[in-house]
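Please examine the sequence and the three-dimensional structure shown below. The report after them is arranged by structural topic.

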Amino acid sequence: AARLGNRVGGIVCAGGVVPLVKARQFVEVAPRQRIVVYLGRFAPKLLPPLLRAGISQIKAGGEVDFLKGLYLEDTCDRRVVQSPALSGLLARSVHFGVAQGYHGVFNDNCQLLRDWSPWVSAAGNAGVRSIHVHGTKDPAVGLWSVEEFAARHLDVSLRIAKGAGQL
């Protein structure tokens, strides 16, 4: 959007992330996701075996088990993962996320851990507005973090989904 300007009408980021650059953000991430974030930040050479294991689990048909490991029991996200009506969609989404293999997942993690705020500002300067929809119970990125992000960018607005998680 920052590069394409008027060719992009706007951005909607639903259940998405903001740059994780503060220690407090790392602490609040759900346990399994926290391991990946910490390794990506402090010991990236240890990350490949973990990512490859997760990708192998998914490719072996363990999409639901993989997702159950991300979301704690008795949470709205776990209920979504266990919904028979959404199982096909979730399986396709997880496979899409790992389609590029280890390097794609590793790069996604790297992008999460760097401050890409200047691109958001550039998109706003090009006239592209961004709407972030974020659940109050999102286990991956705390609402306060998204609120701070939106407050720093004039062209970013936030819609809060009460009682919703990441999914």
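The sections below treat the basis of the model, its pockets, its nonpolar cores and several individual residues.

## Basis of the model

This is a predicted model, in which local features need pLDDT of at least 70 and side-chain atom pairs count only at pLDDT 80 or more, while totals for chains, interfaces and linings use all residues. Residues are numbered from 1 along each chain as its sequence is written, and side-chain values use heavy atoms, with hydrogens and water left out.

## The largest pocket

The largest pocket holds about 1,500 Å³ of space. A pocket here is an open set of points on a 1 Å grid over the protein atoms alone, where a 1.4 Å probe fits and protein lies on both sides within 12 Å along at least five of seven lines; lining residues have an atom within 4 Å of a point. Grid points are joined across faces, edges and corners, and the volume is the space filled by probe spheres set on the points.

The lining comprises 42 residues, and those nearest the centre of the pocket are Gln 33, Leu 70, Val 105, Asp 108 and Gln 166. Two or more lining residues come from each of α2 (31–42), α3 (47–59), α4 (63–70), α6 (87–98) and α7 (101–112). Helices (H or I, at least four residues) and strands (E, at least two) are DSSP runs, numbered from the N terminus. The most is given by α6, with 7 residues. By class, the lining has 29 nonpolar, 10 polar and 3 charged residues; Ala, Val, Leu, Ile, Met, Phe, Trp, Tyr, Cys and Pro count as nonpolar, Asp, Glu, Lys and Arg as charged, and the others, Gly among them, as polar.

## The second largest pocket

About 370 Å³ of space lies in the second largest pocket. Its lining has 21 residues, of which Ile 11, Trp 119, Val 120, Ser 121 and Ala 123 are closest to the centre. The elements giving two or more residues to this lining are β1 (11–14), α8 (117–125) and β2 (130–135), and α8 gives the most, with 6 residues. The lining of the second largest pocket divides into 12 nonpolar, 6 polar and 3 charged residues.

The largest nonpolar core has 16 residues, among which Leu 51, Phe 66 and Leu 67 touch the most other members. Such a core is a set of buried Ala, Val, Leu, Ile, Met, Phe, Trp, Tyr and Cys residues joined through side-chain atoms within 4.5 Å. Buried means under 20% relative accessible area, exposed over 50%, and partly exposed in between (1.4 Å probe, protein chains only). At least two residues of this core come from each of α2, α3, α4, α6 and α7, and α3 gives the most, with 4 residues. Not counting residues up to four places away in sequence, Leu 67 touches Val 81, Leu 90 and Val 94; contact means heavy atoms within 4.5 Å.

A second, separate core has 9 residues, including Val 18, Trp 116, Val 120 and Val 141. In helix α9 (residues 143–152), the residues Leu 143, Trp 144, Ser 145, Val 146, Phe 149 and Ala 150 are buried. These buried residues of α9 pack against α1 (23–28), α8, β2 and β3 (156–161).

## Cysteines

The structure holds 0 disulfides, a disulfide being a pair of cysteine sulfur atoms within 2.5 Å. Cys 13 is buried, with a relative accessible area of 18%. Cys 110 is also in no disulfide, the nearest cysteine sulfur, that of Cys 13, being 19 Å away. Cys 110 counts as partly exposed, at 32% relative accessibility.

## Individual residues

Gln 57 is found in helix α3 and is partly exposed, with a relative accessible area of 26%. Leaving aside neighbours within four places in sequence, Gln 57 is in contact with Arg 32, Gly 62, Asp 65 and Phe 66. The C-alpha atoms of Gln 57 and Asp 155, 98 residues apart along the chain, are separated by 40 Å.

Asp 74 lies in the loop between α4 and α5 (76–81) and is exposed, with a relative accessible area of 75%. Although not a glycine, Asp 74 has a positive phi of about 60 degrees. Most residues other than glycine have a negative phi. Ser 157, in strand β3, is buried, with a relative accessible area of 17%. Not counting residues up to four places away in sequence, Ser 157 touches Arg 129, Ser 130, Ile 131 and His 132.
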